[in-house]
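These are my notebook entries on one chain.

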Amino acid sequence: MGTTPAGLTARLFDLRVTPTGPYDWRLTRRQLFGLTTAVVHVTTVDDVTVIATESLSKRFPRVTALDRLSVDVGPGVTGLVGANGAGKSTLIKILLGLSPATEGRAEVLGLDVATKGGAIRERVGYMPEHDCLPPDVSATEFVVHMARMSGLPPAAARERTADTLRHVGLYEERYRPIGGYSTGMKQRVKLAQALVHDPQLVFLDEPTNGLDPVGRDEMLGLIRRVYTDFGISVLVTSHLLGELERTCDHVVVVDGGKLLRSSSTRDFTQTTTTLAIEVTDTDEHPDGTRAVRDALLARGVSTHDGSGLPGAGHILLLTAEGEQTYDLIRDVVADLGLGLVRMEQRRHHIAEVFKDSDDQRKEAVGHGG
Ligand SMILES: Nc1ncnc2c1ncn2[C@@H]1O[C@H](COP(=O)(O)OP(=O)(O)OP(=O)(O)O)[C@@H](O)[C@H]1O
């Protein structure tokens, strides 16, 4: 869908007469569209395929990095997950038009990667995996430079840089040389330069690499807001499944250059018929979990221990047979005088997809051997 410059002017005017609070990123985006003469048509990414690949392969002399990968990605936050060497960075470089595919084709925002690399890079931001920042310039100088490289006029580049660095959480530090920054601050500068030219889509290659748990959570929060607050779609790579589960609307799993699975996060983490129970301990029952397990067993209901599962702790798992299972648990816990901390239907974890595929592979190898 296209929007004319006249339409933009009208919306700008509307926004100007409407108080929008201390800072409104969308207003700045609209202003920038107005300032940047190169951008005449604004293509919205709602209801369209943002990325489409068809039998895409990339072969290096000694390794096949991508192997007939066909996948469609829509708007939102999409996680591209796979072990080291699965082909994630290779895919991003092909999608940016920086590296040619050996076979197959791909489109980004409806543009063919083989012929429209320049137009794609105008509309797409890229945060590379590795440290690539110049140590002797400040974040402000660097991001202004990147904004100018993307075609923003000097005043807009400065204004946009200040806004973007504030958004990623860099304040006074932005005037200090990047060489003295922590890993977390460097990751934020890399994110800022990917956003500064107001792209429709960003590719973030391992943005949480090298961060501690708090830094990871902050970065994941920022990534989520890139889409929810500003409408910029995100393709984010990671080899850590747990973080994608919380951040992404959709997950694409690649393994050895092949597509393993592509589906919504909700489908990955659908509810199961397994109930998870957690109870308190008391003086009378110092191991409340064991007391519940024994009491349920005495009533003919067996449970198993969930401690091997991610984030499970002292959790008992059992199969729900209907309403009566819930009533039974309530009665057993009440009879023992324990508190019920949780009773919920378990959801799958994305990690289990990998476990399943590993099991299938082992089975296939076993049967073959
Ligand atoms: N320029 C290259 N020349 C030869 N082989 C390459 C090249 N680039 C990547 N490869 C190989 O292609 C495979 C996929 O690499 P890629 O970097 O895409 O994986 P990845 O999933 O991004 O993993 P990582 O997170 O470790 O970067 C690897 O076996 C890698 O060694």
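Entry 1, conventions. I took axes as lines fitted to C-alpha atoms, for helices over the stretch in contact, with angles running from 0 to 180 degrees between N-to-C directions. Helices (H or I, at least four residues) and strands (E, at least two) are DSSP runs numbered from the N terminus. The model is predicted: local features need pLDDT of at least 70 and side-chain atom pairs pLDDT 80 or more, while totals for chains, interfaces and linings use all residues. Residues are numbered from 1 along each chain as its sequence is written, and side-chain values use heavy atoms, without hydrogens and water.

I found 13 helices and 14 strands.

I looked up the packing of α5 against helix α7 (residues 183-195): the axes lie 9 Å apart at an angle of about 25 degrees. α5 is therefore roughly parallel to α7; angles under 35 degrees count as roughly parallel, over 145 as roughly antiparallel, 65 to 115 as roughly perpendicular and the rest as oblique. Contact (heavy atoms within 4.5 Å) is made by Ala139, Phe142, Val143 and Met146 of α5 and by Val189, Ala192 and Gln193 of α7.

I then turned to helix α5 (residues 139-149) and helix α6 (residues 154-167), whose axes come within 9 Å and cross at roughly 130 degrees. This angle makes α5 oblique to α6. On the α5 side the contact includes Ala139, Val143 and Arg148, and on the α6 side Pro154, Arg158 and Leu165 are among the residues.

Which residues of helix α11 (residues 288-298) are buried? I list Gly288, Thr289, Ala291, Val292, Ala295 and Leu296. They lie on the same side of α11, because they cover an arc of only 160 degrees around the axis; the arc is that of the directions from the helix axis to the C-beta atoms. The face turned away from the buried side carries the exposed residues Leu297 and Ala298. Gly300, which follows α11, has a positive phi near 85 degrees.

I located Lys116 in the loop between β5 (111-112) and α4 (117-123). Lys116 is partly exposed, with a relative accessible area of 41%.

Note on methods: Buried < 20%, exposed > 50% of the residue type's maximum accessible area, 1.4 Å probe, protein only.
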